[in-house]
Amino acid sequence: MIKSMTGFGKAEVSLPNKKITVEIRSLNSKQLDLNLRLPAIYRQAEYDIRSTIGKAVVRGKVDVFVSVETNAVNTSATINSEVFAEYSRQLRDAMSATQMDPNFITSSIASSIVAQSILRLPDVVASEIQSTPEEELVALHSAIAAALEQFDAFRRQEGAVLISDLLYRVEKIENYKQEVTPFEKARTETIRARILDTLNQLNVEVDHNRLEQEMIFYFEKLDITEEKVRLTNHCNYFREVAASEDNAGRKLGFIAQEMGREINTMGSKANESNIQVLVVKMKDELEKIKEQVLNIL
């Protein structure tokens with residue numbers, strides 16, 4: 001099954017007091033480039049999440065966003081009231097010792113500034129490391145699995161569109177190749193007539209047997225039958241790989257390169273304007289194939 005490297009999937013799982021949302025997006029890339037944004041409470045599961053997503057995605061520039069919304073008041077941070085009060089007392093003592101008015105910190109504005117300053121001091125705020133409940137981790141992985149399922153469906157749908165376009169262009173290349181055939185014989189006759197006309201203008205004696213031999217060698221060098229046969233084989237192999245292999249993007253790219261070699265050789269041997277026009281059309285279709293293949297997984 002041909003899949004696109006461009007994909008999108010989103011899923012939500014609700015718990016009694018929380019809602020977990022997972023969103024996955026991807027673009028084309030030569031390798032797997034996974035960027036995971038995860039709330040701190042789920043860091044313990046990061047390795048498993050990366051492993052699960054990496055196996056499913058295989059290749060591409062992937063951004064994964066995991067967010068959690070909670071309806072309950074729940075925090076792992078606590079304020080140590082005794083330490084806060086001790087810092088406040090020391091601050092008043094320091095102000096008295098420096099002949100400053102200790103009652104200054106009781107004003108509303110000053111109290112707010114002082115409170116914020118004290119909260120930044122050591123040991124005032126403590127954060128307890130809490131383990132995530134098992135049922136919440138199960139819900140997280142369930143959301144990831146659902147998002148990956150949507151993501152994969154998106155990729156399959158995009159892949160079907162891409163491969164349909166690619167096969168259409170492969171067929172066009174083969175049609176242009178067939179159009180070359182009528183011009184080959186005419187090309188040979190034109191070249192033969194041009195050579196004989198040039199010799200007649202030179203008004204020199206010619207060994208006609210030797211001339212025929214040289215013409216045969218010359219025409220053999222211009223013959224493109226072998227290139228046409230190889231191009232047909234590459235086109236058939238392209239279809240075969242597209243129909244039977246998974247994650248075939250790289251392989252299809254290599255086949256497209258080989259198709260380009262045969263088309264370029266046909267162009268260099270053409271020596272005929274109509275054939276060269278058809279070669280240009282084949283190259284145009286091949287460039288579109290190469291561009292699209294980059295988007296295939």
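I began at the hairpin: E1 and E2 form one, with 3 residues between them. The model is predicted, with local features requiring pLDDT of at least 70 and side-chain atom pairs pLDDT 80 or more, while totals for chains, interfaces and linings use all residues. Residues are numbered from 1 along each chain as its sequence is written, and side-chain values use heavy atoms, with hydrogens and water left out.

**Entry 1: the sheet**

I took strands (E, at least two residues) and helices (H or I, at least four) as DSSP runs, numbered from the N terminus. Two strands pair if DSSP finds at least two bridges between them. I read the strand order as E1-E2-E4-E3, an open sheet of 4 strands with mixed pairing. E1 (7-14) and E3 (32-37) are the edge strands; each has a single partner, so one side of each has no neighbour in the sheet. The twist averages 10° from one strand to the next. Angles run from 0 to 180 degrees between N-to-C directions, and axes are lines fitted to C-alpha atoms, for helices over the stretch in contact.

I then looked up the bridges. E1 and E2 run antiparallel and share 8; Lys 10 has Glu 23 in E2 as its bridge partner. E2 (residues 18-27) and E4 (residues 60-70) are also antiparallel, joined by 10 bridges.

Buried means under 20% relative accessible area, exposed over 50%, partly exposed in between (1.4 Å probe, protein chains only).

Helix H1 (residues 46-57) lies across E3 and E4, at about 140° to E3.

**Entry 2: Thr 21**

I picked Thr 21, which sits in strand E2. Its bridge partner in E4 is Ser 67. Is Thr 21 buried or exposed? Its relative accessibility is 10%, so Thr 21 counts as buried. Contact here means heavy atoms within 4.5 Å. Leaving aside residues up to four places away in sequence, Thr 21 touches Lys 10, Ala 11, Glu 12, Phe 65, Val 66 and Ser 67.

I checked H6 (residues 225-244) against H7 (residues 249-270). They pack at about 165°, axes 9 Å apart. That makes H6 roughly antiparallel to H7 (over 145 degrees; under 35 is roughly parallel, 65 to 115 roughly perpendicular, the rest oblique). The crossing of H6 and H7 is left-handed, meaning the near helix is turned anticlockwise from the far one by less than a right angle. The residues of this contact divide into 11 nonpolar, 2 polar and 7 charged. Ala, Val, Leu, Ile, Met, Phe, Trp, Tyr, Cys and Pro count as nonpolar, Asp, Glu, Lys and Arg as charged, the others, Gly among them, as polar.

Next I took H7 with H8 (residues 273-293). Their axes come within 10 Å and cross at roughly 165°. H7 and H8 are therefore roughly antiparallel. This crossing is left-handed. The H7 side of the contact includes Gly 253, Gly 260 and Gly 267; H8 brings Val 279, Leu 286 and Val 293, among others. By class I noted 12 nonpolar, 7 polar and 2 charged residues for H7 with H8.

**Entry 3: Ala 115**

I ended in helix H3 (residues 108-119), which holds Ala 115. At 25% relative accessibility, Ala 115 counts as partly exposed. Its C-alpha atom is 8.6 Å from that of Ser 88, 27 residues apart along the chain.
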